[in-house]
Amino acid sequence: MTKPLKQIHLAAHFPGVNNTTVWSDPEAGSHIEFSSFAHFAQTAERAKFDFLFLAEGLRLREQGGKIYDLDVVGRPDTFTVLAALAAVTDRLGLTGTINSTFNEPYEVARQFASLDHLSGGRAAWNVVTSWDAFTGENFRRGGFLPQEERYSRAKEFLATANELFDSWQGDEILADQASGQFLRDAKAGSFVHTGQHFDIHGQFNVPRSPQGRPVIFQAGDSEEGREFAASSADAIFSRYATLDEGQDFYTDVKKRLAKYGRRHDQLLILPAASFVLGDTDEEAEELAKEVRRQQVSGATALKHLEFVWNRDLSSYDPEGPLPDIDPDVSGDHIAKGRAQVRMYRDPLATAREWRELAAANNWSIRDLVIESGNRQNFVGSPATVAKTINDYVQADASDGFILVPHITPTGLDVFADQVVPLLQEQGVFRTEYEGTTLRDHLGLAHPDQTRGEQRVAS
């Protein structure tokens, strides 16, 4: 029996907190003006994407004690941007990254419930933790939470937020003008939560929203992160770029669902993916090389090398050989707020490996950073890219992709115009939205239905 074709999920990530974006390109626009966000979101909606995604950083990153200004620096508040986008879109999901380490459940639940109301049921929350005391210095509790406790707090944070969302059943508002009675139940929104991290009680002041709860995303790849996603998330991001790695991650996370009483289809796997398109595969490959050199300037290459060396390397020629001096592993890291530094747990071993690669390939510092860094996931003609995306999804390496263009805000346009129609012709991507909420787009049940299933099962 032939396996039915899976429907592909597509989303758009508005970049800006790393060097994926080529902000110096003449075609690049503002990362602050609302017109950029509006164009990007409306392009994604025109292409019938599931949702738009915003990442967020809570502190400007530093290198050598100075703000790292080779990437896009800063961005308006996530909730403000998403609420504004709700007014200029009709169906596109609106996903925001909000930190569980330095916020409070009541405030975040109130913001997401409000966004879900304002957007007609299109809100989603990417639940993240903060791993460094450097970021925490912006907050009263700066750095107090040991790393091993961050998922403990995140789990209780999400559970508490869900209690607040569920404190309204959805039928409490009577609004009887004749009698003057507004609520059926004066205790609507009442909650009590006592736990390790939170001890709160009161009444939640936002009635139940169209989705009941926002769609929950999770981005952790650690053992704790995968378990957190399997137990609580509706979708998890993946960082794996190859088919085999994607399939391994997909299988591992999906098999964890059963222990939490969840089905295979109740958690979506959505890797982030960049792309470069050309009229031919050869043209796209050449353009991809140009893009990568735009993304990694000489100055950027030296800064990236400092992630491993933990030294000021500004005196080195980025077009020259790697430093003979070894990385400094004796003290604090000069790159503050950079998650990448955690990738290099043994800087001395990484430096040896990189020197060997550079010598074997006659690479300069800049060449090495370009070749060892993240590469474009999909490079080719529209037909090639459409086929590759479909192959990954049908082979269970993912359920779809979150696309990250290198030009903002117009970089998504060519994908919407040239690749999406090919996926639609193959019958693996929608031609029109069939529902109004983000849960509809993602094929996720309403939380009230899920609770009903759990009650029957118990």
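In which loop does Pro409 lie? Pro409 is placed in the loop between strand 17 (400-403) and helix 13 (413-418), where helices (H or I, at least four residues) and strands (E, at least two) are DSSP runs numbered from the N terminus. The structure is a predicted model, in which local features need pLDDT of at least 70 and side-chain atom pairs count only at pLDDT 80 or more, while totals for chains, interfaces and linings use all residues. Residues are numbered from 1 along each chain as its sequence is written, and side-chain values use heavy atoms, with hydrogens and water left out.

The peptide bond that joins Thr408 and Pro409 is cis, with omega of about 5°. A further backbone feature concerns Lys48, a residue other than glycine with a positive phi, near 70°. Lys48 belongs to the loop between helix 1 (34-46) and strand 2 (51-54).

Helix packing was described by axes, which are lines fitted to C-alpha atoms over the stretch in contact, with angles running from 0 to 180 degrees between N-to-C directions. Helix 2 (residues 78-86) and helix 3 (residues 105-119) have axes 9 Å apart and pack at an angle of about 15°. That makes helix 2 roughly parallel to helix 3; angles under 35 degrees count as roughly parallel, over 145 as roughly antiparallel, 65 to 115 as roughly perpendicular and the rest as oblique.

Pro105, Tyr106, Val108, Ala109, Phe112 and Ala113 of helix 3 make the contact with Phe157, Thr160, Ala161, Leu164 and Phe165 of helix 5. The contact has ten nonpolar residues, one polar and no charged.

The axes of helix 5 and helix 6 (residues 223-232) come within 11 Å and cross at roughly 10°. Helix 5 and helix 6 are therefore roughly parallel to each other, with a right-handed crossing. Tyr151, Ala154, Lys155 and Leu158 in helix 5 meet Glu224, Gly225, Phe228 and Ser232 in helix 6. These residues divide into four nonpolar, two polar and two charged.

A search of the whole structure finds one cavity of 30 Å³ or more, a cavity being a set of points, on a 1 Å grid over the protein atoms alone, where a 1.4 Å probe fits but cannot get out. The volume of the largest cavity is about 80 Å³, taken as the space filled by probe spheres set on grid points joined across faces, edges and corners. The lining of the largest cavity comprises 13 residues, of which Tyr240, Ala241, Pro271, Tyr392 and Phe401 lie nearest its centre; lining residues have an atom within 4 Å of a point. Eight lining residues are nonpolar, five are polar and none is charged.

Notes
1 Å grid on protein atoms, 1.4 Å probe; cavity = no way out; pocket = protein on both sides within 12 Å on 5 of 7 lines; lining within 4 Å. Nonpolar A, V, L, I, M, F, W, Y, C, P; charged D, E, K, R; others polar. Contact = heavy atoms within 4.5 Å. Left-handed = near helix turned anticlockwise from the far one by under 90°.
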